[in-house]
Each structure stands twice: as C-alpha cells, then as structure tokens.
Amino acid sequence: EVRIETPAARPSGVAQWLFDGDLRDASEHGHHLSGIDFSFAPVPGGQALKLGKQGVQVASDPSLQLAPGFRIDLSVCFEQLPPEGRYIVVKNGEYQLRLNSQKEGGGFAFFVNLSTWEPRVTSTERVVAGQWYRLTAQWDGFALTLDVNGQRSRTMRSGLAKATDNPLVITGQGALIDNLKIENPRLPTLV
C-alpha cells in the first residue's frame, strides 16, 4: 500500500482526531470526544493524547459502526509496556484494536465481532516501549488486515456485523495516541 499524506490537507474519513490540544473531530462530522482522565504531551509535529485509566469516548453513530471497508488508522507509543493487554480503540460488541498481553506475544491485534470475536489478526513482532507505531486495522468483509509500521498481517474473516449503541472508546493507560482516523467508505448512502 502506498500512502501520500499532505499535512495541510483537509481531514477525511468519518472521524479524525489530531489531538493537538483538544478532543475535537477534525473531519467536521461532529464526533467530538469527551473524558476526564487525559492530557496532551508534546511530540514532534504537535501534541499527542496521553491517556489515564478511563480513556475518552464518543457516542455511537452509524458512521462509527462496523461495516465492510471499516478502517482505523493511528500512531501509538507505549511509554512502558504493561504485563497485561491494553485496549486502544474499542466499540464493545463490534470491534477492538489492542496491545496483546506479554503472554500472548506482546504485539498488536485487531478483532471484529461477527457472532464471535475470533479469529483475530495479530502483528508478528513484540511491541517495544518508547517506540512509535503506525497502525492501520481494516475489515473488508472477507478479511482482517493489520499493518504495523508497514508490516502487514492478514486473516480471513467473513460474516455479518451487528451494530450496537455502545460508544467508541479510546483507551490505553500509559499510551500516547496521535492522529486517529476512522474511515467507513462502504456505509450505505441515502439518496
């Protein structure tokens, strides 16, 4: 996959949070986050979200619900690695992007709930504390794909997604998260 990014370009996708000092949705779709246990940390090029125990969230919306073509794209850095796993982005009952526990290999994993959570797609390398990772997690209706710093893992995964009214939660105590984008291009359109 080749990606060309223009920092001055208008944000795209159904939601995009730049975390440059606020929790506003830069996509202009109004998916502003809220929470009480967070701060912002300086990083090259701006700021990143630094999460406490509770994380931040946005109310459910059809554009944030799992559908074929759904994609999560973000940068993340764990200052210290927890022995247990950590959710990063989760919409309970629909999808979750997480750091696996050290017992499960200590890599990243992406799950979608299609009556069951398994199989998941998992990155092959163990996460290193203090290192930034660019993650792209996608479900196209037939397979799960997880790119970690350009290294792709893929698992076949098909079925029907069931929407929930659960909020989208960004979590990960001890993590720095930057430039999180949600894309959902295959949503049905009303004419």
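Does Asn 113 count as buried or exposed, and at what relative accessibility?

View 1. At 17% relative accessibility, Asn 113 counts as buried, where buried means under 20% relative accessible area, exposed over 50% and partly exposed in between, with a 1.4 Å probe and protein chains only. Asn 113 sits in the loop between strand S7 (108–112) and strand S8 (121–122); strands are DSSP runs of E with at least two residues, numbered from the N terminus. The side chain of Asn 113 reaches the backbone nitrogen of Ser 115 at 3.3 Å, and a polar atom of that side chain also lies 3.3 Å from the backbone nitrogen of Thr 116. Leaving aside residues up to four places away in sequence, Asn 113 touches Leu 66, Gly 93, Glu 94, Arg 157 and Ala 161, a contact being heavy atoms within 4.5 Å.

*About the model.* This is a predicted model, in which local features need pLDDT of at least 70 and side-chain atom pairs count only at pLDDT 80 or more, whereas totals for chains, interfaces and linings use all residues. Residues are numbered from 1 along each chain as its sequence is written, and side-chain values use heavy atoms, with hydrogens and water left out.

View 2. Strand S9 (residues 132–139) pairs with strand S4 (residues 70–78) in the antiparallel sense over eight bridges, two strands being paired if DSSP finds at least two bridges between them. Here Phe 70 has Trp 139 of S9 as its bridge partner. S9 also pairs in the antiparallel sense with strand S10 (residues 143–148), over five bridges, and Leu 135 has Val 148 of S10 as its bridge partner. The hairpin of S9 and S10 has three residues between the strands, and Gly 141 takes a positive phi near 100° in this hairpin.

**View 3. Aromatic pairs.** The structure holds four aromatic pairs, counted when ring centres of Phe, Tyr or Trp (its six-membered ring) lie within 6.5 Å, with planes under 30 degrees apart called stacked, over 60 edge-to-face and the rest tilted. The rings of Phe 38 and Phe 40 have centres 5.6 Å apart and planes at 80°, so this pair is edge-to-face. Phe 70 and Tyr 95 form a tilted pair, with 4.3 Å from centre to centre and 40° between the planes. Because Phe 70 lies in strand S4 and Tyr 95 in strand S6 (residues 95–99), the pair ties together parts that are 25 residues apart in sequence. Both Phe 70 and Tyr 95 are buried.

Notes. Helix = DSSP H or I, 4+ residues; strand = E, 2+ residues; numbered from the N terminus. Polar contact = N/O pair within 3.5 Å; in protein donor to acceptor, adjacent residues only side chain to side chain.
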